[in-house]
Amino acid sequence: MSIRWDPLLARALARELDGLLAGKRLRALRFDGRTRDVVLLFGERSLVWRLHPLRGYPEAREAIEPDPTDLRLRARVRRVSSPPDERLLLFELVGERTSGGFELIVELLGNRMNAIVTGGPERVMRHVLRTREGERVIRVGQPYVAPSPTGRAGAERPIPEEEWMARLNPVPPPDRARALTRTIAWTSPLNAATFLADDLGGPSESALREGYARWVASAHGSSPNGPVLLDTDRGPQPYPVPLHGTPSRPVSSLLQAFADFARADHAQGAAPAALTLSPSLLDRLERAVAGAERRLVRLQAELDNREDPASLRATGDLILARYAEIPQGAESTLLTDFDGETVEVTLDPSLPPHDNAAAVYARAARSERASERLPSLIGDARRHRDHLRALLQGAGAGTVGASEILSALPERSSASAGHGEAGTLPYRRFRSSGGLEIRVGRGARQNDDLTFRHSAPHDVWLHARHSSGAHVILRWTGPGNPPSRDLEEAAVLAALHSKARTSSSVPVDWTLRKYVRKPRGAAAGSVVPDRVRTIFVRPEATLLDRLADPA
């Protein structure tokens, strides 16, 4: 089910949230690109904005601890508002440790539901969760441009009744609803029948005047009626006022109406927001599923492509039987087998014939051992793959908890220890399509170590602009710039290891490492790059597995 948003509903919800959240400390923000959810983490509760086009509603949920990958703004809510006659909610945030402020903007524009975090007087977009961008450019690093205003009359103050009558009375009755919603503020297809007073028996002048009174009371007055849950032909609909001719029941608040709507939505199969499952944990689970798939394919290919041990042993026997016929240092030779057929035998020219025979017998033994152990390993790998798949499916349905997922995933320390020295290095290794090594820092302190102790002056340094994240080093010893494809892949890794990973386009700054300096007394991971150039990339999570360096 989906909510129909109009300016009246957006304004009423903004007022309710302002009374609830003004002055509250926002611990963190979470942008989840999978579910299209934005989660505001407060100490007393979490507010989830579900921005999927088929959902599109807020839920007040239990308080949870922020995840390390969540965006920590250290801010308090100054106020929550909605511009007149618009379907936008603005969360104005005041930084606790900085003089600057932020905004969280939630756009509720039909199937274009977006969430944007902006900062500074120019409202530069720092984080984006985008459903669709329409005609505007919604991109990290660019100034935020609001949707075009409706420009309808009566947004700030009521139009006179005479103007109302002049706009609507000459219009043929079948076209009045369209004329109303196109020209008069705070109206929508949801409330048009009420503001045209269709329930009073038709297009009479008295009905139009009654509709005007209703519009003034709802759009510019203080309606005595509280919020309701409408029973529409499209399902339940939270709304700030009752609508004439539409069954409804009163609720204590709009958030309560949305909670009732969410229960009905869940009853129809929609999964509730799984707040305890952070995007980083789901990333790990997805990578584990992909790794299990690759292991199963690799084991099955090893079984299918193994050499025939009987044929190998026959070749070894033939080499020993025709020992004297084999030229010294030959890479291959033609021998007559025991059935009188001529066969070509491949040899290692550095080995004498008897050692070549021993090598062939060793291959036969390995093939026999593989035929004994691989079926069992394949069965275990298939069960493990299926278990991880079930966990991932359960995570999407909200039936699997974090502890169950963590128990099925390898410990991070043991996974890195398998690479020997790599487990103690301050970076993760990747390998570009062109074979260049890419190093990705593991954290703020490790970023400093990577940049200034594990890179060369002519290596390429990269970092996602306007977003905290990993330093990335592309090893480069050639003249000029590295190949564009390798540079772009390194930039994608920088975007994926930043807070902007859920954005559709991320600006990544790059320069030579020798142009990066660390000011005296700067915080861990804080550097000042010079001679910076910028590349815009789309974060593609599949690149993590494709470029992972097994070495």
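# Helices, rings and cores in a predicted model

At 11% relative accessibility, T333 counts as buried. Buried here means under 20% relative accessible area, exposed over 50%, and partly exposed in between, with a 1.4 Å probe and protein chains only. The model is predicted: local features need pLDDT of at least 70, side-chain atom pairs count only at pLDDT 80 or more, and totals for chains, interfaces and linings use all residues. Residues are numbered from 1 along each chain as its sequence is written, and side-chain values use heavy atoms, leaving out hydrogens and water.

T333 belongs to strand β13 (residues 332-336). Helices (H or I, at least four residues) and strands (E, at least two) are DSSP runs, numbered from the N terminus. Leaving aside residues up to four places away in sequence, T333 touches I326, P327, V343, E344, V345 and L347. Contact means heavy atoms within 4.5 Å.

Helix α5 (residues 205-219) has 15 residues. From first C-alpha to last, α5 reaches 21 Å, close to the 21 Å expected at 1.5 Å a residue. The expected span is 1.5 Å times one less than the number of residues. The buried residues of α5 are A207, L208, G211, Y212, R214, W215, S218 and A219. They cover an arc of only 165° around the axis, which puts them on the same side of α5. The arc is taken from the directions from the helix axis to the C-beta atoms. An α-helix has 3.6 residues a turn, so residues three or four places apart point the same way. The packing partners of the buried α5 residues are α1 (7-21), α2 (161-168), α3 (176-183) and α4 (192-195).

Helix α13 (residues 484-496) has 13 residues, which should span 18 Å at 1.5 Å a residue; its end C-alpha atoms are 18 Å apart, in agreement. α13 is mostly covered, with 10 of its 13 residues buried. Among them are D486, L487, E489 and L496.

**Aromatic rings**

Rings of Phe, Tyr and Trp (its six-membered ring) pair if their centres lie within 6.5 Å; planes under 30 degrees apart count as stacked, over 60 as edge-to-face and the rest as tilted. By this rule there are 6 aromatic pairs. Two of the pairs involve W5.

| Pair | Centre to centre | Between planes | Type |
|---|---|---|---|
| W5 and W49 | 5.9 Å | 40° | tilted |
| W5 and F258 | 5.5 Å | 20° | stacked |

W5 lies in the segment before α1 and W49 in strand β3 (residues 46-50), so their pair ties together parts 44 residues apart in sequence. F258 lies in helix α6 (residues 254-267), so its pair with W5 ties together parts 253 residues apart in sequence. W5 and W49 are buried. F258 is buried as well. Ring pairs link W5, W49 and F258 into a cluster.

Charges also meet rings. A charge sits over a ring if NZ of Lys or CZ of Arg is within 6 Å of the ring centre and within 35 degrees of the ring normal. The charged end of R11 sits over the ring of W186, 4.2 Å from its centre. R139 lies over the face of F536, 5.9 Å from the ring centre.

**Nonpolar cores**

A nonpolar core is a set of buried Ala, Val, Leu, Ile, Met, Phe, Trp, Tyr and Cys residues joined through side-chain atoms within 4.5 Å. The largest has 65 residues, and W49, F91 and W164 have the most contacts inside it. α1 gives the most to this core, with 8 residues. Beyond four places in sequence, F91 touches residues including L17, L21, L40, L47 and W49. Another core, of 29 residues, lies apart; A464, W476, L496 and W510 are among its members.
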